[in-house]
Amino acid sequence: MRKLLGLVLVLALLWAGWWVAGSALVRQAAEAFFAQQRAAGRLAEHEGLSVRGFPNRFDLTVEKLRLADPATGLAWRAPFVQLFAMSWKPWHLIAALPPEQEIDLEGQTVTLNASALRASLIVSPSATLPLDRTASAGQALVLRSSAGWSVRLDEAQLATRRMGEDATRHEIGLDMAGVAPEGAFAAAAERAGLPPRLSQLRMLAEAAFSAPIDRELSASRPQLRSLTLRESRLDWGSLQLTGSGELTFDASGIPEGRIDLALGNWRQAIRAAAELGYLEAESVPAWERGLGIFAARSGGETLQVPLNFSKGWMSLGPLPLGPVPRLGPAG
């Protein structure tokens, strides 16, 4: 009995030692992350960092987090972020996110509110800790922009997983339900005869990056190099939009390629685009004539047309849309 108690005590001391050493490594890794971001010319600040959870978890809490990248204009602010990992499998992280966050995009700040927002991340237990898969989900989300728009979502799910052993290629799945735009956008949609909510928005894609997504990403800065859209679908009242295709991206984030779209009830979609301000009202007849040629090939009710990206410009079939959006920093 005495030997058994002695063995239990030794094991307990070893486990406690492992937790103390592991918690120190977790803290060092977190501080190193902020230092790496600052060394790369990015803003990375917090007002408190602690590790708790003895004896079975590593619970990292970061208070008043601020991250920003001047090169892209992206920034994220949150009152706190918590990362949890079981001490026997620290490569599986679970994140607790606050009910309100702020995200700076180019020219606007978006405030995200959610009643339930959770995420998890799993890396491979190897030297560079390459990303294996992620999952995030939220309910009762509200996004409000300083640019004047807002939207509500009943629920949203985003998941990724590494494709095979290639740490530069990942599959991405997005699923949203009950998407409800608000304000002027909602009023314009109502004038176009659309319901207040999109019933479904789904996407399944494969993305290839310029470098692995792993512990070295602060230095390697992986950039999107190609995106294969295997499946996408939007249902909004009588409008149904599906798409598939492939895009490649240069070092500036400018896409080249083609997405094949199929749009049901396409005439209403043109009227809706005009009501929403994406088309001039006087251009609607020209759009109907131009796209009617493509629609006639498939019976007239469903429009099948390519969305082309070429030399910095995009077009819908024969109709020019303007310059393409840029995913990377300018230059």
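## Surface and overall form

Accessible areas here come from the Shrake-Rupley method with a 1.4 Å probe. On that basis the protein chain exposes about 18,400 Å², and carbon and sulfur atoms supply 60% of this area. This is a predicted model, in which local features need pLDDT of at least 70, side-chain atom pairs count only at pLDDT 80 or more, and totals for chains, interfaces and linings use all residues. Residues are numbered from 1 along each chain as its sequence is written, and side-chain values use heavy atoms, with hydrogens and water left out.

Along its principal axes, the C-alpha trace spans about 90 × 40 × 35 Å. The protein chain holds five helices and 18 strands (DSSP runs: H or I of at least four residues for helices, E of at least two for strands, numbered from the N terminus).

## Burial and contacts

The protein chain has 331 residues, and 37% of them count as buried, meaning under 20% relative accessible area with a 1.4 Å probe, protein chains only. Taking contact as heavy atoms within 4.5 Å, residues 24 or more positions apart account for 49% of the contacts with a separation of 6 or more.

## Nonpolar cores

A nonpolar core is a set of buried Ala, Val, Leu, Ile, Met, Phe, Trp, Tyr and Cys residues joined through side-chain atoms within 4.5 Å. The largest one has 38 residues, with Ile259 and Trp266 among those with the most contacts inside it. Elements that each supply at least two residues of this core include β15 (255-264), α4 (266-275) and α5 (284-296).

Leaving aside residues up to four places away in sequence, Ile259 touches Leu229, Val305 and Phe309, among others. Another core, of eleven residues, lies apart from the largest one and includes Ala44, Leu49, Leu60 and Val62.

How values were computed:
Buried < 20%, exposed > 50% of the residue type's maximum accessible area, 1.4 Å probe, protein only.
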